[in-house]
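Let's walk through this structure together, moving from one pair of side chains out to the whole chain. Please keep the viewer open as you read.

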Amino acid sequence: MKFLTTMKETIKLKAHDKAMAQIHANQLRIRQLEYDIERKNTGVVTMHELEICLDAAKRELETWNYILKLIELDYGKHDYVDGVLGNKGDYDVATAG
């Protein structure tokens, strides 16, 4: 039974690390896109295409934030979720459903 518990914890840790990496990568991408839009660095794409990419990157970040929140709630790290995502929730209600 201990092996299964350790395996579960390992999977949760890997999922957590993956979500954090994706969030960080998306934050960097958003900053770069905002920088390029602000300075009109379009390269071979149009300004409209850069704006579409920025919008998509922001939606992707929201998705990964939600996934991280679910992982953290499952992992029991409520304080961590509150610190990273900046929201305080009623976790008992969220996990009871």
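In which helix do Arg 59 and Asp 55 lie, and how many residues apart are they? Both belong to helix α2, and they sit four residues apart, about one turn of the helix.

Before going further, a word on the model: it is predicted, with local features needing pLDDT of at least 70 and side-chain atom pairs counting only at pLDDT 80 or more, while totals for chains, interfaces and linings use all residues. Residues are numbered from 1 along each chain as its sequence is written, and side-chain values use heavy atoms, leaving out hydrogens and water.

Back to our pair. Side chains of opposite charge can pair when their charged atoms come close. Arg 59 and Asp 55 form a salt bridge, with 2.3 Å between the closest N and O atoms. The term salt bridge here stands for a side-chain nitrogen of Lys or Arg within 4 Å of a carboxyl oxygen of Asp or Glu. Arg 59 has a relative accessible area of 47% and is partly exposed; Asp 55, at 41%, is partly exposed as well. For these words, buried is under 20% relative accessible area, exposed is over 50%, and partly exposed is in between (1.4 Å probe, protein chains only).

The rule for salt bridges gives a count of four. One of them joins Asp 74 and Lys 12, at 3.6 Å from N to O. This pair links distant parts of the chain, 62 residues apart: Asp 74 is in helix α2 (residues 47-75) and Lys 12 is in helix α1 (residues 2-38). Asp 74 counts as exposed because its relative accessible area is 51%.

Another salt bridge brings together the side chains of Glu 38 and Arg 39, at 3.0 Å from N to O. Glu 38 is exposed, with 59% relative accessibility, whereas Arg 39 is partly exposed at 40%.

Now zoom out to the whole protein chain. It has four helices and zero strands, in the order α-α-α-α along the sequence. Both kinds of element are DSSP runs numbered from the N terminus (helices: H or I, at least four residues; strands: E, at least two). Of the 97 residues, 21% are buried. Among contacts (heavy atoms within 4.5 Å) with a separation of 6 or more, 55% come from residues 24 or more positions apart. The accessible surface of the chain is about 7,100 Å², and carbon and sulfur atoms hold 58% of that surface; such areas come from the Shrake-Rupley method with a 1.4 Å probe, and for residues only the protein chains shown count as cover.
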